Amino acid sequence: MYRLSNRSMKELIGVHPALSFAVTEAIKITSQDFMVLDGVRSDSEQRTLVDRGVSKTYNSYHLYGLAVDLVAYVDGKPSWEKKYYRAIADAMKHVINEHNLPIEWGYDKWSWDMPHFQIT
């Protein structure tokens with residue numbers, strides 16, 4: 001069983017309670033360790049991510065505490081390799097379905113944003 005790091009827990013501060021709950025429960029049942037890379041973002045952080053091409057919108061759900069990015073944690077470091085994300089999504093979806101939470105996966109919505117989960 002995995003657990004969230006202090007850094008990940010800090011990233012959940014200000015995140016919608018249903019989303020924060022899902023993440024803290026999913027880490028307990030996932031077969032793939034993960035970290036919370038981003039929770040709430042400032043306007044300037046969001047602008048920087050759009051300018052770098054990492055995000056596609058200036059009006060991200062992250063600005064309002066309605067989204068998180070969960071990144072696979074492999075061999076002591078973050079990994080963006082696609083092969084790790086199905087297990088994270090499966091754990092999140094299990095919690096979402098079990099508790100009837102209004103959360104969707106970015107990859108299901110847009111077919112490209114695997115780390116992203118947001119309130120619907």
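Biologist: Which strand is included in what covers the buried residues of α3?
Modeller: The model is a predicted one. Helix α3 spans residues 43-51, and Q46, L49 and V50 are its buried positions. What covers these buried residues includes strand β1.

Biologist: Around the axis of α3, how wide an arc do its buried residues cover?
Modeller: The residues concerned are Q46, L49 and V50. They lie on the same side of α3, because the arc that they cover around the axis is only 100°.

Biologist: Which residue takes a positive phi just after α3?
Modeller: Helix α3 comprises residues 43-51. Just after this helix, a positive phi of about 85° is taken by G53.

Biologist: What distance does helix α2 reach from its first C-alpha to its last?
Modeller: Helix α2 runs over residues 17-29 and has 13 residues. At 1.5 Å a residue, the expected value is 18 Å.

Biologist: Which elements do the buried residues of α2 pack against?
Modeller: The buried residues of α2 are A18, L19, S20, A22, V23, T24, A26 and I27. Their packing partners are both helices and strands, namely α1 (6-11), β1 (34-38), β2 (67-74), α4 (85-99), β4 (103-105) and β5 (116-119).

Biologist: With which residues is M92 in contact, leaving aside its neighbours within four places in sequence?
Modeller: M92 is among the residues with the most contacts inside the largest nonpolar core. In soluble globular proteins, nonpolar side chains tend to be buried together. Once its sequence neighbours within four places are set aside, M92 touches L19, A22, V23, A26, L70 and F117.

Biologist: What is the relative accessible area of A67?
Modeller: A67 is found in strand β2. Leaving aside neighbours within four places in sequence, A67 is in contact with V15, L19, D38, G39, Y61, H62, H116, F117 and Q118. A67 is counted as buried because its relative accessible area is 0%.

Biologist: What separation is found between the C-alpha atoms of A67 and E104?
Modeller: These two residues are 37 residues apart along the chain.

Biologist: How many residues apart are K28 and E25 within helix α2?
Modeller: The side chains of K28 and E25 meet in a salt bridge, at 2.9 Å from N to O. K28 is partly exposed because its relative accessible area is 42%, and E25 is partly exposed because its value is 23%. An α-helix has 3.6 residues a turn, so residues three or four places apart point the same way. Both K28 and E25 lie in α2, and their spacing of about one turn of the helix corresponds to 3 residues.

Biologist: Which residues are linked in a network of salt bridges?
Modeller: The count of salt bridges comes to 6. In one of them, the side chains of R41 and D38 meet at 3.0 Å from N to O, and both of these residues are buried. The network links D38, R41 and D69.

Biologist: How far apart are the closest N and O atoms of the salt bridge between K83 and E81?
Modeller: K83 counts as exposed because its relative accessibility is 62%, whereas E81 is partly exposed because its relative accessible area is 43%. Between K83 and E81, the closest N and O atoms stand apart by 3.7 Å.

Biologist: What is the relative accessible area of N100?
Modeller: N100 is placed in the loop between α4 and β4. Although N100 is not a glycine, its phi is positive, at about 50°. N100 is classed as exposed because its relative accessible area is 69%.

Biologist: Near what value is the phi of S111?
Modeller: S111 belongs to the loop between α5 (106-110) and β5. S111 counts as exposed because its relative accessibility is 54%. It is a residue other than glycine, yet its phi is positive, near 65°.

Technical notes: Residues numbered from 1 in each chain as written. Predicted model: local features only at pLDDT ≥ 70, side-chain atom pairs only at ≥ 80, totals over all residues. Heavy atoms only, no water. Helix = DSSP H or I, 4+ residues; strand = E, 2+ residues; numbered from the N terminus. Expected span 1.5 Å × (residues − 1). Buried < 20%, exposed > 50% of the residue type's maximum accessible area, 1.4 Å probe, protein only. Contact = heavy atoms within 4.5 Å. Core = buried A, V, L, I, M, F, W, Y, C linked by side-chain atoms within 4.5 Å. Arc of directions from axis to C-beta. Salt bridge = Lys/Arg side-chain N within 4 Å of Asp/Glu carboxyl O.
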